[in-house]
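Subject: Structure handover

Hi,

Here is the structure I promised to pass on. Please open it alongside this email, and my notes follow below.

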Amino acid sequence: MIYLDLFLTFLKLGAFTFGGGAAMMPFVQAEAVEKWGFTNSEIIDFVAISESTPGPFAVNIATYVGAEKGGVLGAVCATLGLVLPSFIIILIIARCYEKFKTNKIVAGAMNGLRPTSVGLIAAATVAI
């Protein structure tokens, strides 16, 4: 039951939280304290460890909370729940793009995005 609970909780967070890991932290804290009995001190440890490990913070915190509550399978369930909504949305967008990529408006928008993307990458490189 804990595995389904981890999966569904992080599925909800992945589907409805925008802004990355920092934006979802209040929800993770509320769920972790109310549902799974973690203390605020443990939540601070989760954040510290998740920030210090490589990879996206949101994925790290989901994996860590899942591992603490349900071991390796708990980590897999929590992480899968978090990333599944984004994965499905990207698949839908890719499928829609395949159908509309010959449309003049869509093709024009994509042609305009290419130099914009190069400019943003160049600006980030120069800023470093």
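Helix H4 gives the most to the lining of the largest pocket, namely 6 residues. Before the rest, a word on the source: this is a predicted model, where local features need pLDDT of at least 70 and side-chain atom pairs count only at pLDDT 80 or more, while totals for chains, interfaces and linings use all residues. Residues are numbered from 1 along each chain as its sequence is written, and side-chain values use heavy atoms, with hydrogens and water left out.

**The pocket**

In this pocket there is about 240 Å³ of space. Both H1 and H4 give two or more residues to its lining. The lining has 14 residues, and Leu 13, Gly 14, Thr 17, Leu 82 and Ser 86 lie nearest the centre. By type, 9 are nonpolar, 5 polar and none charged. (A pocket is an open set of points on a 1 Å grid over the protein atoms alone where a 1.4 Å probe fits, with protein on both sides within 12 Å along at least five of seven lines; lining residues have an atom within 4 Å of a point.)

**The core**

The largest nonpolar core has 18 residues, and Phe 10, Val 28, Ile 61 and Val 65 have the most contacts inside it. At least two residues each come from H1 (2–16), H2 (21–34), H3 (40–52) and H4 (57–100), with H4 supplying the largest share, 7 residues. Such a core is a set of buried Ala, Val, Leu, Ile, Met, Phe, Trp, Tyr and Cys residues joined through side-chain atoms within 4.5 Å. Buried means under 20% relative accessible area, exposed over 50% and partly exposed in between (1.4 Å probe, protein chains only). Helices are DSSP runs (H or I, at least four residues), numbered from the N terminus.

Beyond neighbours within four places in sequence, Val 65 is in contact (heavy atoms within 4.5 Å) with Phe 10, Val 28, Trp 36, Phe 38 and Phe 46.

**Single residues**

Ser 50 sits in H3 and is buried because its relative accessibility is 2%. Leaving out residues up to four places away in sequence, Ser 50 touches Phe 57, Asn 60, Ile 61 and Tyr 64.

Pro 115, in helix H5 (residues 104–127), is exposed because its relative accessibility is 53%.

On the cysteines, Cys 77 is buried at 16% relative accessibility and Cys 96 is partly exposed at 36%. The whole structure has 0 disulfides (pairs of cysteine sulfur atoms within 2.5 Å).

Best wishes

Terms used:
Grid points are joined across faces, edges and corners, and a volume is the space filled by probe spheres set on the points. Ala, Val, Leu, Ile, Met, Phe, Trp, Tyr, Cys and Pro count as nonpolar, Asp, Glu, Lys and Arg as charged, and the others, Gly among them, as polar.
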